[in-house]
Amino acid sequence: TILIESINPRDVPGYLIKYVPATSECGSGQPVTTVGPAQIYLRLEPAVAHDDAGKPTLIAKSQAPNFPSVMELKQTCDFEGVVAWAIGTGEKYFVVTTASSPSRISIEVYH
């Protein structure tokens, strides 16, 4: 389970999602690699993946579900109101939808 909250929990945070040739960690600039021939970059702002005490709200910052379309996910940023992920995928087609009650962003990667 991935829990990422908007700064205002009633609202879906702003987001950018696109295929990229490479991704890096926001603080160090270190490259982030994922399983799969393609990589989706997801940036949420304003958002946090930690509580007020700084404790992460994520079980793991890296997950490898090894699905046909989503092979691996890695958190690349949780800093100054920005949360970002690299998503390793084998496909080149996705759809993004948003909803409320609760606020959420859904990414469907087709295979």
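**Figure 1. Overall view of the chain.** Of the 111 residues of the chain, 32% count as buried, where buried means under 20% relative accessible area, exposed over 50% and partly exposed in between, with a 1.4 Å probe and protein chains only. This is a predicted model, in which local features need pLDDT of at least 70 and side-chain atom pairs count only at pLDDT 80 or more, while totals for chains, interfaces and linings use all residues. Residues are numbered from 1 along each chain as its sequence is written, and side-chain values use heavy atoms, with hydrogens and water left out. The secondary structure comes to zero helices and 11 strands; helices (H or I, at least four residues) and strands (E, at least two) are DSSP runs, numbered from the N terminus. The radius of gyration of the chain is 14 Å, close to the 13 Å from the globule rule for 111 residues, so the chain is as compact as a globular protein of that length. That radius is taken over C-alpha atoms, and the rule is 2.2 Å times the number of residues to the power 0.38. The C-alpha trace spans about 35 × 35 × 20 Å along its principal axes. Among contacts (heavy atoms within 4.5 Å) between residues at least 6 apart in sequence, 59% join residues at least 24 apart.

**Figure 2. The five-stranded open sheet.** The strand order is β2-β5-β9-β8-β7, and the pairing is antiparallel; two strands pair if DSSP finds at least two bridges between them. At the edges are β2 (14–20) and β7 (62–63), each of which pairs on one side only. Strands β8 and β9 run antiparallel and are joined by eight bridges. Within this pair, Cys-77 stands opposite Ala-84 in β9. In a regular strand the side chains alternate between the two faces of the sheet.

**Figure 3. The β10–β11 hairpin.** Strand β10 (residues 94–99) pairs with strand β11 (residues 104–109) in the antiparallel sense over six bridges. Phe-94 has Val-109 in β11 as its bridge partner. Four residues lie between the two strands of the hairpin, and Ser-101 in the turn has a positive phi of about 60°.

**Figure 4. Two nonpolar cores.** A nonpolar core is a set of buried Ala, Val, Leu, Ile, Met, Phe, Trp, Tyr and Cys residues joined through side-chain atoms within 4.5 Å. The largest core has 14 residues, of which Ile-40, Leu-42, Trp-85 and Ile-87 touch the most other members. Two or more residues of this core come from each of β5 (38–45), β8 (70–79) and β9 (82–89). A second, separate core of five residues includes Val-20, Tyr-41, Cys-77 and Val-82. Leaving out residues up to four places away in sequence, Ile-40 touches residues including Ile-17, Trp-85, Ile-87, Phe-94 and Val-109.

Figure 5. Gln-39 is in strand β5 and is buried, with a relative accessible area of 7%. A polar contact is a pair of N or O atoms within 3.5 Å; within protein, one must be able to donate a hydrogen and the other to accept it, and residues adjacent in sequence count only if both atoms are side-chain atoms. The side chain of Gln-39 makes such contacts with the side chain of Thr-23 (2.3 Å) and with the side chain of Thr-34 (2.8 Å). A polar atom of the Gln-39 side chain also lies 3.4 Å from the backbone oxygen of Val-32. Thr-23, in strand β3 (residues 23–24), is buried with a relative accessible area of 7%.

**Figure 6. Lys-18 in strand β2.** Lys-18 is located in strand β2 and counts as partly exposed at 40% relative accessibility. Apart from neighbours within four places in sequence, Lys-18 is in contact with Gln-39, Ile-40, Tyr-41 and Phe-94. Lys-18 and Trp-85 are 67 residues apart in sequence and 11 Å apart in space, C-alpha to C-alpha.

**Figure 7. Backbone features in two loops.** Most residues other than glycine have a negative phi, and most peptide bonds are trans. A cis peptide bond, with omega about 0°, joins Glu-45 and Pro-46; Pro-46 is in the loop between β5 and β6 (47–48). Glu-80 is not a glycine but has a positive phi of about 50°. Glu-80 is in the loop between β8 and β9 and is exposed, with a relative accessible area of 67%.
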